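Dear colleague,

I am handing over the structure we spoke about, and below it you will find my notes on what turned up in it. Please read them with the coordinates open beside you.

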Amino acid sequence: MTTEIWLDTDPGFDDWMAWALLQAEPGLRLAGVSVVAGNAPLRHTLANALRIQTLHGWTTPVHAGCERPLVQAPVTAQDVLGESAMATTGRSLPPAQAQAAPGHGVQALIDAARARPGQLTLLALGPLTNVATAFDAAPDLPALLQAIVLMGGSTDRGNTTAVAEFNIHADPEAAARVFGAGVPLVMFGLNVCRQVLVGDEHVRAVRALGTERAELFADHLDAYVGIARRRGAAHMAVYDPTPVAWLARPELFSVAPAHVDVELEGRLTRGMTVCEFRVPARARPNARVAMAADGPAVMAWALQGLARALA
Ligand code: BDR
Ligand code: CA
């Protein structure tokens, strides 16, 4: 059984790691990629995506998507991730050798879903601007998707504010539109991604793969773990690769049905994912929320996938 995936992403190192694991997983087939502004402005996230393609020699069409959130002013994670959101302690990605595929990412997603009714799983790893824009442009789209699997939100603490996670914080109106669209949705929030930890031992394991690509990836992984080091911690949470791990190895996770609302108004809570687990008694479920992960097993799976992706 092969799952057809559309990847919507804002690379970002952890988006790259997720994409590499997706490409390396035999049961997952990537139909196309749309890039969105998020970790950095679109010119950076798109350039990163094309440079990643070049490094790996992948040929899946990569489309440029939305530059701005639906309503609010753009926000990025450049304060944490650096100007290009692709920090490294050594080598850098090669210059892009291909251009973005023709056509806007939103239309490309719509076309891909219409070409495979009921078969496409949308993996969303950035702010949900492209996805919400696609739902507004194509009211038939939600019914065409098999599922949405996304990294975003949290059942407890945030990372950008006390309660808001970055991808939701960066475009809360888009997130609200997506959670309300009626598509079977699985949410991988900070609460579960913080159970999957990466540290120096993983940087060493990637380096030990011994290829040029592995060295280059390890330099970026080292910089990613460096975010935690600067905060006095030895391990960094693994965000975007975690839903890919679930697609490949669902037995490593537990998920719970919930009704998830995105707070749009709170002075302190805008961008919070408010999760009501008392379903169906108090609310109709609109999502499954990942609650627990076997973190070491997820990382063991990830190292095996990276060995294939970085060969
Ligand atoms: C999410 O925000 C981005 O910085 C990461 O790429 C991930 O998608 C984590 O909050
Ligand atoms: Ca991301």
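A85 sits in the loop between helix 3 and helix 4, and in this predicted model its phi is positive, at about 60°, although A85 is not a glycine. With a relative accessible area of 3%, under the 20% limit, A85 counts as buried.

Two peptide bonds also call for a look, since most peptide bonds are trans. The bond from P11 to G12 is cis, with omega near -10°, and G12 belongs to the loop between strand 1 and helix 1. The bond from V279 to P280 is likewise cis, with omega near 0°, and P280 is placed in the loop between strand 10 and strand 11.

Nine strands make up an open sheet with mixed pairing, in the order 3-2-1-4-5-6-11-9-10. Its edges are strand 3 (62–64) and strand 10 (273–276), each of which pairs on one side only. On average, and with direction ignored, neighbouring strands of the sheet are turned by 30° against each other.

Some of the pairings can be followed residue by residue. Strand 2 (residues 28–35) and strand 3 run parallel and are joined by three bridges, and V33 stands opposite V62 of strand 3. Strand 6 and strand 11 also run parallel, with two bridges between them, and there V186 has R288 in strand 11 as its bridge partner. Strand 9 and strand 11, by contrast, run antiparallel and are joined by six bridges, with F253 standing opposite A293 in strand 11.

Helix 2 (residues 42–56) lies across strand 2 and strand 3, and runs at about 170° to strand 3. Helix 8 (residues 172–179) lies across strand 5 (145–151), strand 6 (185–188), strand 9 (253–262) and strand 11 (287–293), and runs at about 115° to strand 9.

Is helix 12 (residues 241–248) buried or exposed? Eight of its eight residues are buried, so helix 12 is largely enclosed by the rest of the structure. Among the buried residues of helix 12 are W246 and L247, as well as P241 and P243.

Two single residues show how separate stretches of the chain meet. T3 is part of strand 1 (residues 3–9), and, leaving aside neighbours within four places in sequence, T3 is in contact with G27, L28, R29 and T121. From T3 to P296 there are 293 residues in sequence and 25 Å in space, C-alpha to C-alpha. R116 lies in the loop between helix 4 (105–115) and strand 4, and because its relative accessibility is 18%, R116 counts as buried, the limit being under 20%. Again leaving aside neighbours within four places in sequence, R116 is in contact with E4, R29, A31 and L144.

Finally, there is the largest pocket, which has a volume of about 510 Å³. The largest pocket is lined by 27 residues, and those nearest its centre are A77, V80, N159, F166 and Y239. The elements that give two or more residues to this lining are helix 1, helix 3 (78–81), helix 7 (166–169), helix 11 (212–230) and strand 8 (236–237).

With kind regards

How values were computed. Residues numbered from 1 in each chain as written. Chains lettered and ligands numbered in written order. Predicted model: local features only at pLDDT ≥ 70, side-chain atom pairs only at ≥ 80, totals over all residues. Heavy atoms only, no water. Pairing = 2+ DSSP bridges. Helix = DSSP H or I, 4+ residues; strand = E, 2+ residues; numbered from the N terminus. Axes fitted to C-alpha atoms, helices over the stretch in contact; angles between N-to-C directions. Contact = heavy atoms within 4.5 Å. 1 Å grid on protein atoms, 1.4 Å probe; cavity = no way out; pocket = protein on both sides within 12 Å on 5 of 7 lines; lining within 4 Å. Points joined across faces, edges and corners; volume = space filled by probe spheres on them. Buried < 20%, exposed > 50% of the residue type's maximum accessible area, 1.4 Å probe, protein only.
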